[in-house]
Each structure stands twice: as C-alpha cells, then as structure tokens.
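This briefing goes through aromatic contacts, nonpolar cores and backbone features, grouped by topic. Please keep the sequence and the 3D view at hand while reading.

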Amino acid sequence: MSSLPAPMFSRNDFSIWSILRKCIGMELSKITMPVIFNEPLSFLQRLTEYMEHTNLIHQANASDDSIERMKCVAAFAVSAVASQWERTGKPFNPLLGETYELVRDDLGFRLISEQVSHHPPVSAFHAEGLQKDFVFHGSIYPKLKFWGKSVEAEPKGIITLELPKHNEAYTWMNPTCCVHNIIVGQLWIEQYGNVEVINHRTGEKCCLSFKPCGLFGKELHKVEGYILDKSKKKVCNLYGKWTECMYTVDTATFETHKKNDKKASEDKKSKETLQSGGDLLEVIPGSQLLWRIAPRPVNSVQMYNFTTFAMQLNELDKEIEAVIPKTDSRLRPDIRAMENGDIDLASEEKKRLEEKQRAARKNRSKSDDEWKTRWFHQGPNPHNGSQDWLFSSGYWDRDYSQVPDIY
C-alpha cells in the first residue's frame with residue numbers, strides 16, 4: 001500500500017491561533033481541537049511507528065559484542081522518532097480502552113497497545129519478536145504545552161528493550177518534540193534533549209544529544225553522542241541526523257575531526273556529503289553507517305507526510321477485521337472518515353465519541369466503578385524499579401468475544 005484513500009485537506013482556511021491563544025503555558029490534553037488539525041491515525045498507531053526499523057534490533061541480537069549491540073540499540077532509539085519529520089498533523093487521542101494490534105511477519109514482530117488512562121493520557125505498548133528473540137515495551141504519557149509560537153510535546157515514560165539471548169535490558173526516554181510556527185509561516189519540527197540508553201546488565205551507556213536548531217539552523221536535526229563502557233571510558237562516538245542516518249566512528253578520529261572542523265569543511269573533496277532539510281552532514285572518514293532512513297513515497301506530502309509504513313497502519317480487510325477486537329483503532333469511525341476524505345463526518349464522529357467517553361466517565365463516578373485495563377497492569381519495571389504499565393499475558397490467545405464495542 002503506497003497511498004491513502006484520499007489526500008489530506010488544506011489547513012490554510014483554519015486558524016489554530018484562534019483556538020490556542022487562551023492556552024499559552026497550559027497543558028493541551030484537555031483542549032478539544034478541530035479535526036482538521038489531525039492526521040488519520042490514533043496515537044496508538046503513531047507509537048507503532050517505533051517498530052519500522054526493527055531490523056536494528058535483529059542486528060543487535062546477532063552480535064556477540066556488547067558495544068556493537070549498544071550501537072544498534074542507540075541507532076534504533078534514534079530511528080524510532082524519524083517518522084515524525086514534517087509530520088505536523090496531530091494523531092487522534094485514543095479513547096480509554098482503545099487498542100491497536102499489528103503483526104508483521106516480514107519484520108519479525110507483533111505488537112499490542114492499549115490506552116490505559118484518559119486523564120492523564122497514558123498509552124502502553126508491548127512488542128515481541130516472532131522468534132521470541134526480543135521484547136520491546138513501554139508506556140508514554142505525552143505532555144503538550146503551547147508557548148505562543150510553538151507546541152512542545154514532552155514524551156514522558158520509560159522505553160525498555162529486552163534481548164533474552166544476551167540476558168540484557170536497555171532503557172531510555174525519547175527526546176522532546178516541538179512544532180514551530182503555529183501562528184504564521186511554514187510549520188516545522190525539531191527534536192531536542194538528551195537521551196541516555198542504559199544496558200542494565202553490563203553497565204554500558206550511550207549518551208545522545210539531540211541538538212536544538214540554534215540561531216542559524218546549523219544544528220537542525222543533528223544528533224551526537226558517545227558510548228561509555230562500564231568503567232565510564234569513552235569507547236566510540238555516534239553522530240548523524242534523526243531525519244536521515246546515524247554513523248559511528250572511533251573517539252580519537254571524532255575528536256580530531258571536531259577540532260579541525262573549520263579546516264575540514266573547506267576540504268570537501270575528502271568528504272561524502274548528504275543533503276537533508278537544512279545543513280549538510282559531513283561524514284567523517286572511517287565512519288561506519290549504522291542506519292539510514294528509507295525514502296518516503298513520492299506522494300507523501302499529499303498524504304500527511306506519512307512513510308510507507310505509516311500508510312499501512314490503518315489498512316483493514318475482512319481477514320484482519322475477523323481477528324481484531326472491537327476496540328482496535330482501525331475500527332474508529334472518525335479516523336476512518338478522515339482517511340476517506342469526509343471531514344464533516346470525521347468531525348461529527350469525533351465529537352460523538354468524545355461525548356460518549358465523558359458520559360461513561362460520569363456514570364462510573366456516580367457508581368464508584370473504577371476503570372479496569374484489559375491487557376496491561378501497573379507494576380515496577382524489573383530493570384530500573386520505576387512504576388510502569390506491563391503487559392498481561394492472554395491477548396494473543398484471541399478470545400475477544402467479551403470485549404465490548406467502545407465506538
């Protein structure tokens with residue numbers, strides 16, 4: 001699948017400023033936004049895009065060297081946010097109890113996610129290798145804030161990758177994402193902040209810095225970092241762009257390059273260069289490529305800037321419909337209407353579902369009934385002790401007969 005049923009709508013006739021001007025400095029999770037500013041995916045489906053580059057997990061698993069594994073895991077952590085490049089549409093907020101399931105035989109994984117809390121919004125996910133070769137899980141509760149000209153999304157929540165073959169677990173948190181020029185001008189996205197990937201068995205760490213754009217845009221999209229062994233000695237450096245690629249090179253070479261950066265930039269003949277959005281990325285001689293993004297479809301701009309992977313997430317046929325629960329995001333009528341190009345129906349259905357959810361919450365409060373999650377439960381993360389949402393076994397047994405229709 002390389003196209004959606006209908007292209008995206010123009011947002012030129014709609015003013016997001018008229019909605020957000022009263023919300024400066026506030027959290028936006030409780031603000032109702034017109035459907036025109038959405039993209040036709042649920043946030044649960046957006047989370048699933050972490051899995052697009054699962055091949056990096058398989059590469060890590062295949063290596064017998066823990067530093068080589070860390071390089072692959074670090075590249076995977078960067079690749080997990082790559083699909084957000086130029087994605088200025090807001091995913092639909094999942095309804096409480098909404099789920100999303102994806103099985104990809106070609107990529108070797110299956111995933112289930114569930115909206116486990118509505119206020120605050122928390123999305124939990126659990127993915128595992130079809131050969132039982134990895135487990136990837138976490139819970140995300142994004143905090144959205146409006147700062148006048150930009151909207152900032154801070155993705156609170158720990159992400160964990162387990163590699164049973166090596167008895168290893170890695171944890172990290174995603175960087176902050178910011179959408180600029182909300183009021184006027186061309187919308188653009190940057191990721192910034194520090195990400196620390198920890199191998200809890202060996203004590204090795206990868207420290208990554210997602211660079212803020214800077215005054216002249218020279219650092220736009222850039223990521224730099226290094227790996228420390230258990231004695232905190234720097235063993236190699238990583239660099240690249242989260243929109244494009246990641247490389248690794250030995251620390252001595254990297255530091256020499258940084259010192260001679262001015263001179264080296266003049267000697268362009270000795271360098272391979274790549275173009276991505278803004279500034280050129282200089283590839284240091286002797287570097288090893290860890291990851292490179294797949295090209296987007298030629299019609300991506302008309303399709304909400306989706307990748308090929310994203311375009312396939314809402315695909316629904318009779319075979320899939322027969323095996324997914326009634327809570328699956330593919331069955332949401334507002335998302336389906338928007339994907340099909342019916343913006344009025346999408347708006348009506350979004351409003352109806354939000355009112356239905358509010359009414360259900362009100363009824364629960366009257367009867368002292370507490371919402372019970374179906375596929376996840378709260379408990380301590382066994383690797384760092386933090387409170388987390390953990391997968392409860394049973395989902396893949398496929399007994400969905402008692403799962404109610406929430407739409």
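The model is a predicted one, and the points below describe its computed features.

**Backbone features in loops**

- Asn-167 has a positive phi of about 55° although it is not a glycine, and with a relative accessibility of 61% this residue counts as exposed.
- Asn-305 likewise is a residue other than glycine with a positive phi, in this case near 60°, and it sits in the loop between strand S18 (288–292) and helix H7 (308–311).
- In contrast to the exposed Asn-167, Asn-305 counts as buried, at 14% relative accessibility.
- The peptide bond that leads from His-119 to Pro-120 is cis, with omega near 0°, and Pro-120 belongs to the loop between strand S4 (109–117) and strand S5 (122–129).

**Aromatic pairs and a charge over a ring**

- The structure holds 14 aromatic pairs, one of which is formed by Tyr-239 and Phe-254, a tilted pair with 6.1 Å from centre to centre and 35° between the planes.
- Because Tyr-239 lies in strand S14 (residues 234–241) and Phe-254 in helix H5 (residues 251–259), this pair ties together parts that are 15 residues apart in sequence.
- Both partners are buried, Tyr-239 with a relative accessible area of 4% and Phe-254 with one of 8%.
- The rings of Tyr-395 and Trp-396 form an edge-to-face pair, because their planes stand at 90°, over the cut-off of 60 degrees, with the centres 4.9 Å apart.
- Tyr-395 is buried at 0% relative accessibility, and Trp-396 is also buried, at 14%.
- Lys-234 lies over the face of Tyr-226, at 4.4 Å from the ring centre.

**Nonpolar cores and the surroundings of Trp-172**

- The largest nonpolar core has 72 residues, of which Phe-136, Leu-161, Trp-172 and Val-197 touch the most other members, while helix H4 (residues 66–79) supplies the largest share of this core, 9 residues.
- A second, separate core consists of 12 residues, including Trp-375, Tyr-395, Tyr-400 and Val-403.
- Trp-172 also takes part in one aromatic cluster together with Tyr-50, Phe-76, Phe-125 and Phe-136.
- Leaving aside neighbours within four places in sequence, the residues in contact with Trp-172 include Val-73, Phe-76, Ala-77, Phe-136, Leu-161 and Val-197, and Glu-196 is also among them.

Methods:
Residues numbered from 1 in each chain as written. Predicted model: local features only at pLDDT ≥ 70, side-chain atom pairs only at ≥ 80, totals over all residues. Heavy atoms only, no water. Phe/Tyr/Trp six-rings, centres within 6.5 Å; stacked < 30°, edge-to-face > 60°. Helix = DSSP H or I, 4+ residues; strand = E, 2+ residues; numbered from the N terminus. Buried < 20%, exposed > 50% of the residue type's maximum accessible area, 1.4 Å probe, protein only. Lys NZ or Arg CZ within 6 Å of the ring centre and 35° of its normal. Core = buried A, V, L, I, M, F, W, Y, C linked by side-chain atoms within 4.5 Å. Contact = heavy atoms within 4.5 Å.
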